[in-house]
Amino acid sequence: MEDRFSKATRAGKPYTAFVVEPAIQGAAGMVPQPEGWLPRVAEIARAHRALLIADEVMTGFGRTGTGFPSGPRFHAFAAQRQGVVPDLVAVAKGLTGGYLPMAATLATQEVFDSFLGDYAEFRTFFHGHSYNGNQLGAAASLASLALLADPTGVARRRALEERLARRLEVLWRHPQVGDIRREGLVVGVELVRDWRTREPIPLEQRAGIRVCEAMARRGVLTRPIGSVIVLMPPYTTTGAQLDRMVSALDEAIGEVFPPLG
Ligand SMILES: *Cc1c(COP(=O)(O)O)cnc(C)c1O
């Protein structure tokens, strides 16, 4: 990445911005970033005067973790927990807790101010939407944010994260479980032919879909991304429901891949 930025800058065509999904890439199959990756990436982008844009639609509002290991303070964003403040942040899903469709783009004061000036300068940001600032959506968002920041809720979500981490361990008994990736309350369980070789299962075998169908028969609805099974428990999930999610996945893998002999 450093090379690319340097080359572009030297060629006189510097990058304008770097867009990143902090902590874990969702639709790519739940791929977490190594510790320290994001701060370094932010540093490189900034050194080349590129804006840092964070897509926190999936990772935000506590989904990827409650924040620091102790204390009740709520850190809504994945970038924030790594000490990175992006220039722009896209948020949506978790903003209203999913109750109403609302999205927002957050900007630093510097970005915001760049659209201010005398009328003749014509710097106004002209792009808008028909339903900007919808009152009902905004009210739902404020109510949801208050719930998210409530210390009791933060403690509950932290306990749920810890329980999930412990329960997931059972899945390693399946030779087809090649990786278990978790960030907060986001989990991707990658199915492979054999965990020792990590050889992928051909997509036409629909392993992910078959496992999710077997989970649905056990009362748990989720979806795969290719051969990666996604678990994203709602924050209202009880401990018992969480256990049921994991045991449904455990049984479903056993059903789709019966042990040999
Ligand atoms: C769902 C999702 C989006 C799309 O958000 P919309 O508000 O539906 O446009 C964008 N980025 C990520 C990471 C998402 O998970």
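Is Q205 buried, exposed or partly exposed? Q205 counts as partly exposed, because its relative accessibility is 36% (buried is under 20% relative accessible area, exposed is over 50%, and partly exposed is in between, with a 1.4 Å probe and protein chains only). What you're looking at is a predicted model, where local features need pLDDT of at least 70, side-chain atom pairs count only at pLDDT 80 or more, and totals for chains, interfaces and linings use all residues. Residues are numbered from 1 along each chain as its sequence is written, and side-chain values use heavy atoms, with hydrogens and water left out.

**The chain as a whole**

- Picture the C-alpha atoms in a box of roughly 80 × 45 × 40 Å, taken along the principal axes.
- The chain has 261 residues, and 40% of them count as buried.
- Its accessible surface is about 15,200 Å², with 57% of that belonging to carbon and sulfur atoms (areas come from the Shrake-Rupley method with a 1.4 Å probe; for residues, only the protein chains shown count as cover).
- Take the contacts between residues at least 6 apart in sequence: 59% of them join residues at least 24 apart (contact means heavy atoms within 4.5 Å).

**Two domains**

- The chain splits into domain 1, covering 2-149, and domain 2, covering 152-256 (the bounds come from an automatic or database domain assignment).
- Domain 1 puts 24 residues into the contact, and domain 2 puts in 18 residues.

**Around the ligand**

- Which residues are around the ligand? They are E21, D55, V57, M58, A92 and K93 (a residue is near a molecule or strand if one of its heavy atoms lies within 4 Å of it).
- On its own the ligand exposes 380 Å², and the protein buries 49% of that.
- Sorted by class, this shell has three nonpolar residues, three charged ones and no polar ones (Ala, Val, Leu, Ile, Met, Phe, Trp, Tyr, Cys and Pro count as nonpolar, Asp, Glu, Lys and Arg as charged, and the others, Gly among them, as polar).
- In D55, an N or O atom of the side chain sits 2.7 Å from a nitrogen atom of the ligand.
- In K93, an N or O atom of the side chain sits 2.6 Å from an oxygen atom of the ligand.

- T96 is in the loop between β5 (88-91) and β6 (104-107).
- T96 counts as buried because its relative accessibility is 2%.
- Setting aside neighbours within four places in sequence, T96 is in contact with M102, G137, A140, S141 and S144.
- Y131 is in the loop between α4 (109-113) and α5 (135-149).
- Y131 has 68% relative accessibility, so Y131 counts as exposed.
- M102 comes up again here: Y131 and M102 are 29 residues apart in sequence, with 9.3 Å from C-alpha to C-alpha.

**H174**

- Look for H174 in the loop between α6 (151-168) and β7 (177-183).
- Why does H174 count as buried? The reason is its relative accessibility of 6%.
- Leaving out neighbours within four places in sequence, H174 is in contact with W195, D250, I253 and G254.

**The loop between β8 and α7**

- R198 is in the loop between β8 (186-191) and α7 (207-216).
- Q205 and R206 are in the loop between β8 and α7 too.
- Most residues other than glycine have a negative phi.
- R198 isn't a glycine, yet has a positive phi of about 55°.
- R206 isn't a glycine either, and has a positive phi of about 50°.
- R198 counts as partly exposed because its relative accessibility is 42%.
- R206 counts as partly exposed because its relative accessibility is 38%.
- Back to Q205: leaving aside neighbours within four places in sequence, Q205 is in contact with R193 and R210.
- Q205 and S227 are 22 residues apart along the chain, and 9.6 Å separates their C-alpha atoms.

Notes. Polar contact = N/O pair within 3.5 Å; in protein donor to acceptor, adjacent residues only side chain to side chain. Helix = DSSP H or I, 4+ residues; strand = E, 2+ residues; numbered from the N terminus.
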